[in-house]
Amino acid sequence: MAEYDVIVVGAGNAAMCAALAAREEGRRVLALERAPLEERGGNSTFTAGAIRVAYNGVEDLLELMPDLSEEERRNTDFGTYSEDQFFDDMARITQHRANPDLVELLIRRSHPTLKWLRTKGVRFVPIYGRQAFKVDGKFKFWGGLTVEAWGGGPGLVDALHKAAQANGIEVRYESRALGLLADDSGVRGVRIKSKGVSQELGAKAVVLACGGFEANAHWRTRYLGPNWDLAKVRGTRFNTGDGIRMALEIGAQSCGNWSGCHAVGWDRNAPEFGDLAVGDGFQKHSYPFGIMVNARGLRFVDEGADFRNYTYAKYGRVILEQPGQFAWQIFDQKVVHLLRDEYRIRRVTKAQADTLEELAGKLDDVDAERFLATVSEYNAAVDERVPFNPNVKDGRAAKGLAVPKSNWANTIDRPPFLAFAVTCGITFTFGGLRITNGGQVVDTEGRPIPGLYAAGELVGDIFYFNYPGGTGLMSGAVFGKIAGTSAAAAASGRNV
Ligand SMILES: Cc1cc2nc3c(=O)[nH]c(=O)nc-3n(C[C@H](O)[C@H](O)[C@H](O)COP(=O)(O)OP(=O)(O)OC[C@H]3O[C@@H](n4cnc5c(N)ncnc54)[C@H](O)[C@@H]3O)c2cc1C
């Protein structure tokens with residue numbers, strides 16, 4: 001006799017959405033969290049809480065954020081982010097490789113799933129600080145990212161756990177799932193180690209929602225390639241690929257972009273894993289308004305190729321590929337007011353100088369002479385006839401260079417100059433398990449495995465090469481809810 005109807009492995013966003021959905025169907029649910037209480041919630045806790053959702057106008061947003069004040073509505077151009085725009089972004093960003101069925105579910109269920117989360121007590125607010133700049137007295141949202149969870153990632157995870165507690169979902173901390181109990185009739189439980197004690201727990205259905213393998217240096221090197229062991233981990237130290245491994249061990253099918261991941265520019269001196277006191281503050285995402293140079297003093301990427309949302313997740317890899325795995329971001333006073341909050345944190349690797357020559361001497365490990373030549377070549381190439389506008393792809397380019405800049409090009413000539421050192425910070429991995437549209441894990445022969453479901457980072461075939469910002473939480477919520485509902489349905493008809 002199974003002790004639980006549904007065991008959910010993990011206690012981040014995807015896991016808690018699965019647990020709440022299964023509980024809603026009246027099932028007895030246990031969530032296993034490898035981390036202690038203070039570090040619960042995996043990468044979800046580290047996020048800013050930004051969530052990409054399709055909406056056709058302010059009326060749709062009001063359903064998610066009924067507390068929007070009159071003044072906020074008057075002073076803000078929320079625009080639209082239609083399902084079609086979301087489809088276009090996913091297709092373009094993943095180079096048309098993402099599984100169309102999963103993408104369709106992700107997009108069409110995005111708004112209804114956030115509405116459902118509201119019923120569980122999760123609150124949403126507009127992302128004023130990061131996704132909207134004020135132009136002519138009005139905030140204008142851009143790049144399809146408009147909504148964030150109140151209180152950011154920690155607020156989201158707290159709200160989900162509060163709902164879990166209120167709904168009678170048991171959460172066991174410091175309890176690591178190590179293997180699946182399975183036979184020819186499917187999965188019938190989990191083998192765990194809880195505070196040093198090994199145990200077997202029976203369940204009629206199991207949902208794996210315990211993240212990718214980003215915190216496993218060995219697997220990173222094996223699957224992402226050389227030097228990935230040197231990347232810093234932006235978030236939790238607990239996502240070491242356990243869920244993927246456990247499923248593969250019982251014959252699950254792997255799929256998706258196993259050599260791909262989400263990785264960003266991250267403070268060069270950040271610790272090996274994320275620090276909850278800093279959250280996502282080590283990221284440095286305002287590079288579209290400046291330039292980046294490597295150890296040779298050369299630019300190496302088009303900083304203004306697209307909105308930050310559409311380039312930041314792939315530029316970590318580009319930084320990792322530079323000599324010494326680092327870069328410096330350079331800004332002058334014309335754009336300093338546009339720098340995101342994360343540039344003003346205390347633990348930042350920063351240099352400041354009144355002349356470019358002085359700055360060159362302060363850029364650790366950079367060829368100073370070549371750096372000065374790079375800036376002067378770049379300054380000469382900026383097309384100042386095109387007006388600068390941070391809210392649109394303004395086409396203000398620096399052309400004719402070995403590495404052009406396509407938008408937001410401004411000369412670097414107004415002191416004091418600022419520079420920030422970054423390396424590669426990995427967020428999460430893209431390869432994972434194959435699931436059905438109902439969130440059920442599929443085996444190597446293409447058959448759904450009875451009793452096994454998955455959601456969140458460890459699902460493959462959704463992201464390839466790159467990622468539109470805010471989609472990780474949305475994917476976890478949509479597929480978490482689907483997996484939880486399916487697992488509950490399976491549990492009601494299954495005796496193990
Ligand atoms: C710094 C940072 C900022 C980010 N910002 C955003 C953002 O603003 N918007 C966005 O959409 N996405 C963002 N992301 C990505 C986002 O965090 C993830 O896509 C999403 O949170 C993943 O959710 P998940 O539930 O799959 O995994 P997680 O939230 O990582 O949860 C995994 C859970 O499994 C647990 N676990 C691991 N192994 C085991 C085991 N063997 N047994 C039991 N439990 C286990 C972990 O402790 C954790 O509780 C960010 C990520 C980082 C690191």
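Begin by selecting His 262, which has its place in strand S15 (residues 261-267). Helices (H or I, at least four residues) and strands (E, at least two) are DSSP runs here, numbered from the N terminus. A word on the model before we go on: it is predicted, so local features need pLDDT of at least 70 and side-chain atom pairs count only at pLDDT 80 or more, while totals for chains, interfaces and linings use all residues. Residues are numbered from 1 along each chain as its sequence is written, and side-chain values use heavy atoms, with hydrogens and water left out.

**Around His 262**

With a relative accessible area of 2%, His 262 is buried; buried means under 20% relative accessible area, exposed over 50%, and partly exposed in between (1.4 Å probe, protein chains only).

**The cores**

Next, select Ile 7, Val 206, Leu 208 and Phe 479, the residues with the most contacts inside the largest nonpolar core, which has 143 residues. A nonpolar core is a set of buried Ala, Val, Leu, Ile, Met, Phe, Trp, Tyr and Cys residues joined through side-chain atoms within 4.5 Å. Helix H15 (residues 471-492) gives the most to this core, with eleven residues. Zoom in on Phe 479 and look for its partners, among them Leu 102, Leu 105, Ile 435 and Ile 462. Apart from this core lies another, of 25 residues, including Phe 326 and Phe 417.

**Cysteines**

How many disulfides are there? The count comes to zero, a disulfide being a pair of cysteine sulfur atoms within 2.5 Å. Select Cys 424 and you can see why: its sulfur is 6.5 Å from the closest cysteine sulfur, in Cys 261, too far for a bond. For Cys 17, the closest cysteine sulfur is in Cys 210, 15 Å away, also too far.

**Pocket and cavity**

Now show Gln 85, Trp 142, Gly 143, Gly 144 and Phe 307, the closest to the centre of the largest pocket among the 20 residues that line it. This pocket has a volume of about 320 Å³, and H5 gives the most to its lining, with three residues. On a 1 Å grid over the protein atoms alone, a pocket is an open set of points with protein on both sides within 12 Å along at least five of seven lines, a cavity is a set where a 1.4 Å probe fits but cannot get out, and lining residues have an atom within 4 Å of a point. Points are joined across faces, edges and corners, and a volume is the space filled by probe spheres set on them.

Three cavities of 30 Å³ or more are present.

**Backbone stops**

Finish at the peptide bond from Pro 415 to Pro 416, which is cis, with omega near -5°.

Methods:
Contact means heavy atoms within 4.5 Å. Lists of a residue's contacts leave out its neighbours within four places in sequence.
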